[in-house]
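Let's take a walk through this fold together, starting with the overall picture and then stopping at a few spots inside. Keep the viewer open as you read.

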Amino acid sequence: MTSPILAEAFARGAKALPEAEGKALLAAYGLPVPSTKVVTDPARVADELAGASGPFAVKVVSPDLLHKSDAGGVALGLQDADAVAAAIAEMAARPAIRSARVDGWLVEEMAPKGREMVIGALTDPQFGPILMVGIGGIFVEVLQDVSFRLCPITEADARAMLAELKGHALLEGVRGEAAVDQDALVDAMLRIGGEDGLMMREGAAIAELDINPLIVGERGAMAVDARVILQADAAAERPPHEPADLAPLFEPKTVAVLGASTKETAIANTFIRRMKDFGYAGEIYPIHPKADEIEGLTAYTDLASTPKPVDYAYVAIGAGRIPDALAAAKGNCRIAQVISSGFGEVEEGKALQEELVEKARGAGIRVLGPNCLGSYSPRGGLTFPVGAPKEVGNIGVVAQSGGLSTDIIKRGQSRGLRFSGLVTVGNSCDLGPVDLLEFYLADPVTKAIGLYIEDIKDGRAFFDLLRSARATKPVVILKGGRSSLGRLAAASHTGALAGDDRAWAALEAQTPVVSVPHVNAFLDTLLALQCLTPRAGRPTEEVVLFGNGGGSSVLGTDAFADAGLRVSPFGPAAREPLEALGLPPGTSVANPVDTPVRTLQEKEGWVAGEILDLIYAHARPDAVALHLNLAAFVGRGDVDPIGNLMTVVESIQEKYPGQAHVTLALRSDESAELEAKRRDYAERAIAAGVPVFSEIAPMADALAAVAHLERRLDARG
């Protein structure tokens, strides 16, 4: 906190700044404010306003009346000192004001005419300072036409916020109204939320801020009203983020297991068996105070007694015993993953969780969990689910849910996803999503990152990492509990409008992140990123939709439009060569390219290659979305062209590398025979770098997610 205005307010125990002080704070950061006087004696109004010219505005100054207009404590358009004195007398008689502490009356020159805007800010408990902008009046009161960004914002962020407003056309000038000075509006936004703005310098002291209205005219802008709610814990600072070496987690040479039993099959016994089945090549050390051998392996009394230092410990013993068990390691263990529950997820376990972290740090251990399920790293032979794929992939995942993680791995496996790693973080008492994100961003094996998050813990470190030069890979976020975090009762428009998902939406608008609504979309988007490489220089916009089924093509065109992508009809340059092929009746080459089964059987399926060659040569789309209804080919003559069509798909990837994203929707009737064929075709396509989806709509959504990531990467240069 650097402002003497705020320091003085905290010294006197204020919970909010009086309006005059709020405007003085804005003025200190370069925002134009009206000429203002505070009149304490109504009899001296004429003397106080000597030399000033109306019209004037008058507002009551009271620590008890945060919403002055609701109490009848605002009067506008007063022409002279007599009118001001009369307005003060009338307001003073109103019941709400008569019963409040009144420190005086704020009298100021009315701002020139212009468009009413609202600029607000708040300090989010996870992400820190956030900026809001909206058009005033009904647009913010009823329509909630606002846009949010995490601070600091750039000029490009400010202009993007204005462009998002539904009423943006009002700023450009409509029905004879003049356009407003958007440069002045952007400047005001930067003075509040920019790199050196008020919220970046003073945000720790400010809970909520409203400039409502900010009058923006043809030239310039003026802050007419300022409401600043102070933050009681202004002195609190976030601890600095400490980078962690996570290489031993993903490629552990030694694994210790706490919790395996000689008498029963505990979860730790199951873990050992699955590690053996998975082919783990390192050494496994069961830890047990009495046993000599567990699961055919030599057991050791504690973490300090293993023959080699432990890279990774799997801990599944009673919660109360865990802090001392980790403390006993005395520097002989690097990373421990605590599977057990009974810690910070329940009120009575919070103190135990703090003890866990303290004793682990004292022993030189970094902790994952507690209350999680394990880690999966095919490159290191580490697994917790049974039957997980052994192939090393390029998708890194972090998840706060153990059960959902198993779902992600197994359902992802059936879709063709292959992982560079998946780590469950549970309560994230020590290591958490930010640490894993740091690892994956630097990891040469990982191409794209997926996060299932319920509570990010340190949203500011998360945001800072994602907007840093290190964030060069796309990130897919599945957010759980969007409405569960809750907020304190808001004292401003900004606070009232800042729902729990506003910060996440702002994060998506400012960093190379895309949010998805459910697990299927999460898996589909990660599969698209496994196969496709986002093009920062040419974000996807134009799509060619090519396949069989007229109704499917129509619905598919709608699906792409809903996702924000265009299936635009070909111009003559592309359409005429396609028409010259003389394809059978019922074929349409307008885009979507609708080819009935009879057409795709031409030349035993090789005709698809001729069509695609012409599309690539003359239409040059950003993406080619193929769709095939496998059931439509059953019983339709002696020629089944699908195998040759798949060869065409493989060949176009080789002939036109990087020219267009290629995706494929393969539909079946779910019969055993067609499902088996579908799996075989899907494996071929994915091996060729073509992601495969069950329907056109999820294919469109996944491509739209890639397009969003391309725009975000492009905006970063």
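What follows moves from the whole chain to a sheet, a cavity, a strand and some aromatic rings.

First, some housekeeping: this is a predicted model, where local features need pLDDT of at least 70, side-chain atom pairs count only at pLDDT 80 or more, and totals for chains, interfaces and linings use all residues. Residues are numbered from 1 along each chain as its sequence is written, and side-chain values use heavy atoms, with hydrogens and water left out.

Now zoom out. The C-alpha trace spans about 100 × 80 × 40 Å along its principal axes. The protein has 27 helices and 30 strands; helices (H or I, at least four residues) and strands (E, at least two) are DSSP runs, numbered from the N terminus. Of the 717 residues, 55% are buried, where buried means under 20% relative accessible area, exposed over 50%, and partly exposed in between (1.4 Å probe, protein chains only). Contact here means heavy atoms within 4.5 Å. Take the contacts between residues at least 6 apart in sequence: 73% of them join residues at least 24 apart.

Next, find the open sheet of 6 strands, ordered β26-β27-β25-β28-β29-β30 with mixed pairing. Its edge strands are β26 (588-589) and β30 (692-693), each of which pairs on one side only. Two strands pair if DSSP finds at least two bridges between them. Helix α27 (residues 696-715) lies across β25 (543-547), β28 (623-629), β29 (661-667) and β30, and runs at about 160° to β29. For that angle, axes are lines fitted to C-alpha atoms, for helices over the stretch in contact, and angles run from 0 to 180 degrees between N-to-C directions.

Is Thr 595 buried or exposed? With a relative accessible area of 0%, Thr 595 is buried. Beyond its neighbours within four places in sequence, Thr 595 is in contact with Phe 546, Gly 547, Asn 548, Thr 587, Leu 600 and Ile 611.

Some of the sheet's residues also turn up around a cavity. On a 1 Å grid over the protein atoms alone, a cavity is a set of points where a 1.4 Å probe fits but cannot get out, and lining residues have an atom within 4 Å of a point. Grid points are joined across faces, edges and corners, and a volume is the space filled by probe spheres set on the points. The count comes to 1 cavity of 30 Å³ or more, and the largest cavity has a volume of about 100 Å³. Its lining includes Phe 546, Gly 547, Leu 600, Leu 626, His 627 and Leu 664. β25, α24 (607-619), β28 and α25 (642-655) each supply at least two of the lining residues.

Elsewhere, strand β23 (residues 475-479) is largely enclosed by the rest of the structure, because 5 of its 5 residues are buried. Both faces are covered: Val 475, Ile 477 and Lys 479 are buried on one side, and Val 476 and Leu 478 on the other. β23 pairs with β22 (residues 448-453) in the parallel sense over 5 bridges, with Val 476 as the bridge partner of Gly 450.

Finally, the aromatics. The structure holds 10 aromatic pairs. Rings of Phe, Tyr and Trp (its six-membered ring) pair if their centres lie within 6.5 Å; planes under 30 degrees apart count as stacked, over 60 as edge-to-face and the rest as tilted. Phe 250 and Phe 439 are stacked, 4.2 Å centre to centre with 0° between the planes. This pair links distant parts of the chain, with Phe 250 in helix α11 (residues 247-250) and Phe 439 in helix α16 (residues 433-442), 189 residues apart. Phe 250 is buried at 1% relative accessibility, and Phe 439 is buried at 17%. Tyr 285 and Tyr 300 make an edge-to-face pair, because their ring centres are 5.4 Å apart and their planes at 80°. Ring pairs also link Phe 127, Phe 462 and Trp 504 into a cluster.

Terms used
1 Å grid on protein atoms, 1.4 Å probe; cavity = no way out; pocket = protein on both sides within 12 Å on 5 of 7 lines; lining within 4 Å.
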